[in-house]
Number of protein chains: 2
Amino acid sequence: MMGARRKAAIIGGGVIGGGWAARFLLSGWDVALFDPDPEAARKIDEVLGNARRSLPALSEYQLPREGRLILCDTIEAAVSDADWIQESVPERLDLKHSVFARIEAHAPETALIGSSTSGFPPSALQQRAKRPASIFVAHPFNPVYLLPLVELVGASGTTGRASAILTEIGMKPLVVRREIEAHIADRLLEAVWREALWLIRDDIATTEEIDDAIRFGFGLRWAQMGLFETYRIAGGEAGMAHFIEQFGPCLQWPWTKLMDVPELTDELVLKIANQSDQQSGAYSIRELERIRDDNLVAMMRALKGRGWGAGALLQERDARLKPYNDQDFSKPIISVARKIPIDWTDYNGHMNESRYGQVWSDAADAVMTMIGADADYIKGGRSYFTVDTHTRFANECHAGSAIEVTTHILEGAGKKLRLFHEMRDGAGGLVASCNQLLIHVSLKTRHSCQPAAEISQKLAAIVQQQAVLPKPEKL
Amino acid sequence: MMGARRKAAIIGGGVIGGGWAARFLLSGWDVALFDPDPEAARKIDEVLGNARRSLPALSEYQLPREGRLILCDTIEAAVSDADWIQESVPERLDLKHSVFARIEAHAPETALIGSSTSGFPPSALQQRAKRPASIFVAHPFNPVYLLPLVELVGASGTTGRASAILTEIGMKPLVVRREIEAHIADRLLEAVWREALWLIRDDIATTEEIDDAIRFGFGLRWAQMGLFETYRIAGGEAGMAHFIEQFGPCLQWPWTKLMDVPELTDELVLKIANQSDQQSGAYSIRELERIRDDNLVAMMRALKGRGWGAGALLQERDARLKPYNDQDFSKPIISVARKIPIDWTDYNGHMNESRYGQVWSDAADAVMTMIGADADYIKGGRSYFTVDTHTRFANECHAGSAIEVTTHILEGAGKKLRLFHEMRDGAGGLVASCNQLLIHVSLKTRHSCQPAAEISQKLAAIVQQQAVLPKPEKL
């Protein structure tokens, strides 16, 4: 599906550039990175380590094979042959202009040249460019390897091409139709940031109290619906216009100090830094990053279960990844190949026993798809329900570990579907096995019934092909 | 644990008042509601319906038995004998003053009198009060039955008593130390709301684009960490002060229009309402409420798995609810009693087969706690691991359904622990059974070993008591 291996050039390998590199690499792109910092190799390794332990867990399938990371000594070496070039250098316009000049001198004419700038509009970035239309804003959000949003601002042909690529690597391109400084999201962030600085300066609240006011309240709403859809609900049956009438007048009240900009005195900076130490100092930055990433993965997977927002995006990506087609049925079927996500582990530090059941359930789904009992068939009112499972647990496995399940279809006549699954770890060691009996049912009556003829035929053919396989020992 | 049944009086039964009523009722309080709206009974029923299908799913245990809802014709009738009185009438100070006067005339002197006001500080609310110290701000967030945050502003003795009660009913009291208009969270919301209105007025973005900019990006960060902890990480190893130095200067740039207040012309109101219809009009308000609640439950449960933020709060509440102690072991043990949460269901619309495994795992945990192999024992380096399960699925069950598991300990000698579980629905019908073999292990060697002597003794005694039970048929 991915076609020939493509190449991204990442100019600037800090938190943002490193995040871009990780996102491209784990989506199967080769990445050429240029960063003059002597610590660049260590830093990119750290970001990549974080990304490898979290990003693959967002999918129920194996991602494409990781691309190759090439550290380059010059911009020239990095950008030659690149399909996408991403600039993430410090926010100084003169620096960005000189970087773009060097990129344009050596990059393919068709290359997309994105800038991670939070503030500059594309017209400012393009000022001295030879091919201004190829330079655009592609503003991502930290951690870039997990958060889907990218604000795109630039010529419409360019942002269209960029959107297609970003969608492919699992991101959510948001084309900003009119350029303004700080695009959209950072305008909102900036507003909150100012107000929060006032609250701290005036001793109304500490950094921790402000964070709690967000994460125990509206932060949870915003993670899934944002501002307007949330308020639409608050307006109730009377609707959005009614809500605005109710809440609108407050805009004129002296509720914020936003007419003023707080002065960032040394004293205020120190106050914030001290409060932040008290709030979060028990964790190192590395620990906080991992806590954040695990939280994000777990929450995004929760939304995936609901098919909503960032979770709907994950479902769409998985639909493109589905990898179990066109197998040779004279061998055991590969029915699951994936990494174990953090939300599958328990207090013993390993995959909870119930998630072995999840794996069997997913393996049965893959087999059902192969025999034609797929999503459309289920929509039509029939499915298979599991009635009996016997699981033997042979070994533990942990978050981030790769597992593969092979399935032998033992029986497929009439309403019965009997599967024997074996789960193996990355080294090929047996983790568990399961003997699973499913019965074909009508979703209307909720009782057993015969499958469609084409399912029975397909199943019979596979069972015959699999008859050459040795009977599983463990039965 | 809850002591005698307590009573909350809810004055004003709109979205917020109704949410308070639902939160108290589902925490086992009796609730007396006063609202002059002839539609009040229907409205409260709707909120309560939403709450019943979502709030219990946040816990792994049964909540206290739901309290009694009494609709009252007068404030007097509602507040007599009330322990907590919550005012949620429209935001007009004169109206609130007259409501407080009637409350004070009839409420017990010791009653706590909270106001849901988003804007007024307590000194304004207390202006004509007889017992001003008992009146305080308790500002919750919609949906009140799910979101934990309550901002408390008032006399410290009062907010202290209020905090204890709110914590008990699963909320997160945030005591605001200095009164200001709009407290803390609404200051931040107000800032974003203004900025968002400008973006729409100036045709930079639509309501949907703004919501996407939030929920695919920083909204996910804020739901779990808030603003400052997120930025602390962004600052990286150089720390918070460094981050402020980097980001601080932007405050002086013309990134926001916040110096100005947008005029809410009819045209702007209509524009927002139309954009909102286009974005969300495919769903009714009722549907949106349920989507929101399911998303919130799934995300909060995801955070519960991580023990973080709103999820840590859920864990703490569960720790207080743990209900399976002091059982008569000559009967089958009640090892699970709960409602099925939304994140346990699959595309077939019923509890996924893997979650039957989750229930057996939880039932085994309850048994382990009873025999002394509890969290402390596990911390000490020993535990039981499941090595074999045989599950028979007898029936389906769905999100929101109550289930109960009874467990018969069949074998408990040496390293072995063999359990037979039966899961029943609310009507007592068999849903599934499981024969589960666990082996006692050392968490250091990850190999089997003998349990501590006191565990073996306790187990032997229970097995002997349970010997009077009939052998399970299904074995």
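## A strand pair across the two chains

Strand β10 of chain A and strand β10 of chain B, residues 382–393 in each, run antiparallel to one another and are joined by five bridges. Strands pair here if DSSP finds at least two bridges between them. One bridge links Thr391(A) to its partner Thr389(B). Strands (E, at least two residues) and helices (H or I, at least four) are DSSP runs numbered from the N terminus.

This is a predicted model, in which local features need pLDDT of at least 70 and side-chain atom pairs count only at pLDDT 80 or more, while totals for chains, interfaces and linings use all residues. Residues are numbered from 1 along each chain as its sequence is written, and chains are lettered from A and ligands numbered from 1 in the order in which they are written.

## The contact between chains

Chain A and chain B each bring 117 residues to the contact, where two residues touch if their C-beta atoms, placed from the backbone, lie within 7 Å. On the side of chain B, helix α12 (residues 285–306) gives the most, with 16 residues.

## The nonpolar core

The largest nonpolar core holds 196 residues, and Ile85 and Met299 of both chains have the most contacts inside it. Such a core is a set of buried Ala, Val, Leu, Ile, Met, Phe, Trp, Tyr and Cys residues joined through C-beta atoms within 7 Å; buried means that 20 or more other C-beta atoms lie within 10 Å of a residue's own.

Definitions and conventions: A residue is buried if 20 or more other C-beta atoms lie within 10 Å of its own, exposed if 12 or fewer, and partly exposed in between; C-beta atoms are placed from the backbone.
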